[in-house]
Amino acid sequence: MAPDPHTDDDEIVTWWGLVIEGYHLTQDQLMREIDERVGLAPGAFDILLRLVRSPDHRMPMTRLAREAALSSGGFTKVADRLCRADLIHRQRCDVDRRVTYAVLTEHGVGVADQARQVCAEVLRRRVLEPLGTGASQELAEAMRTLRTANGES
């Protein structure tokens, strides 16, 4: 569908501002509850969620840092904290010495599952209830479209 060439500049800027404000407020509430109920900061939650969804609950650390949008140093600090908390451990690759995996521990799997349940509960309350299923699905599709249209080429 072609954009409406008559959309007022201020109107489209306002629309985008509302998207950003709604996202930030919802994300802040989500992360606050996960931290309060599970004890995970946003970076740690993101890493555990990615690992629990990965085959064998492991992923190369460089890929995990990139996907979590963390610098190498920032990721190392988070990974060190997760190791000290017995949520992940580092595992060398058998065939490529340059690769180190982050792997969820048994305790880490349990914490990740608990965090995912809290996340779903909060999203049901803060997104699904106010928007309804149809609008929530439309929002997800719209964000998928923007991700595809604006992703790296």
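Helices here are DSSP runs of H or I with at least four residues, strands are E runs of at least two, and both are numbered from the N terminus. D113 is partly exposed, at 28% relative accessibility. The cut-offs on relative accessible area are under 20% for buried and over 50% for exposed, with partly exposed in between (1.4 Å probe, protein chains only). D113 and L49 are 64 residues apart along the chain, yet their C-alpha atoms are separated by 8.2 Å.

Both residues belong to a helix pair. On the α2 side stand F45, L48, L49 and V52; on the α5 side they meet V111, A112, D113, A115, R116 and C119. A contact means heavy atoms within 4.5 Å. By class, this contact has eight nonpolar, no polar and two charged residues. Nonpolar covers Ala, Val, Leu, Ile, Met, Phe, Trp, Tyr, Cys and Pro; charged covers Asp, Glu, Lys and Arg; the others, Gly among them, count as polar.

## Helix geometry

Two packed helices are described by the angle between their axes and the distance between the axes. For α2 and α5, the angle is about 105° and the axes lie 9 Å apart. That makes α2 roughly perpendicular to α5. Axes are lines fitted to C-alpha atoms, for helices over the stretch in contact, and angles run from 0 to 180 degrees between N-to-C directions. Under 35 degrees counts as roughly parallel, over 145 as roughly antiparallel, 65 to 115 as roughly perpendicular, and the rest as oblique.

Helix α2 (residues 42–52) also packs on α4 (residues 72–84): their axes come within 10 Å and cross at roughly 75°. So α2 is roughly perpendicular to α4. G43, A44 and I47 from α2 meet F75, V78 and L82 from α4. This contact of α2 with α4 divides into five nonpolar, one polar and no charged residues.

## The nonpolar core

In soluble globular proteins, nonpolar side chains tend to be buried together. Here, the largest nonpolar core holds 31 residues. Such a core is a set of buried Ala, Val, Leu, Ile, Met, Phe, Trp, Tyr and Cys residues joined through side-chain atoms within 4.5 Å. Those with the most contacts inside the core are I34, L40, F45, I47, L48, L51 and I88. At least two residues each come from α1 (9–38), α2, α3 (61–67), α4, β3 (100–104) and α5 (106–150). Helix α2 gives the largest share, seven residues.

Two of these residues show the links. I34 lies in helix α1 and is buried, with 0% relative accessibility. Beyond four places in sequence, I34 touches G39, L40, F45, A115, V118 and C119.

Leaving aside neighbours within four places in sequence, L131 is in contact with S136 and L139. L131 and L70 are 61 residues apart in sequence and 31 Å apart in space, C-alpha to C-alpha.

## Positive phi in two loops

D56 is not a glycine, yet has a positive phi of about 60°. D56 is in the loop between α2 and β1 (58–60). D56 is exposed, at 65% relative accessible area.

D86 also has a positive phi, near 60°, in a residue other than glycine. D86 belongs to the loop between α4 and β2 (88–92). At 43% relative accessibility, D86 is partly exposed.

## Whole chain

The chain has five helices and three strands. From the N terminus, the order is α-α-β-α-α-β-β-α. The radius of gyration is 19 Å, whereas a compact globule of 153 residues would have one near 15 Å. That radius is taken over C-alpha atoms, and the globule rule is 2.2 Å times the number of residues to the power 0.38. Along the principal axes, the C-alpha atoms fill a box of roughly 60 × 35 × 25 Å.

Of the 153 residues, 26% count as buried. Among contacts with a separation of 6 or more, 52% join residues 24 or more positions apart.

## Basis of the values

Residues are numbered from 1 along each chain as its sequence is written, and side-chain values use heavy atoms, with hydrogens and water left out. In this predicted model, local features need pLDDT of at least 70 and side-chain atom pairs count only at pLDDT 80 or more, while totals for chains, interfaces and linings use all residues.
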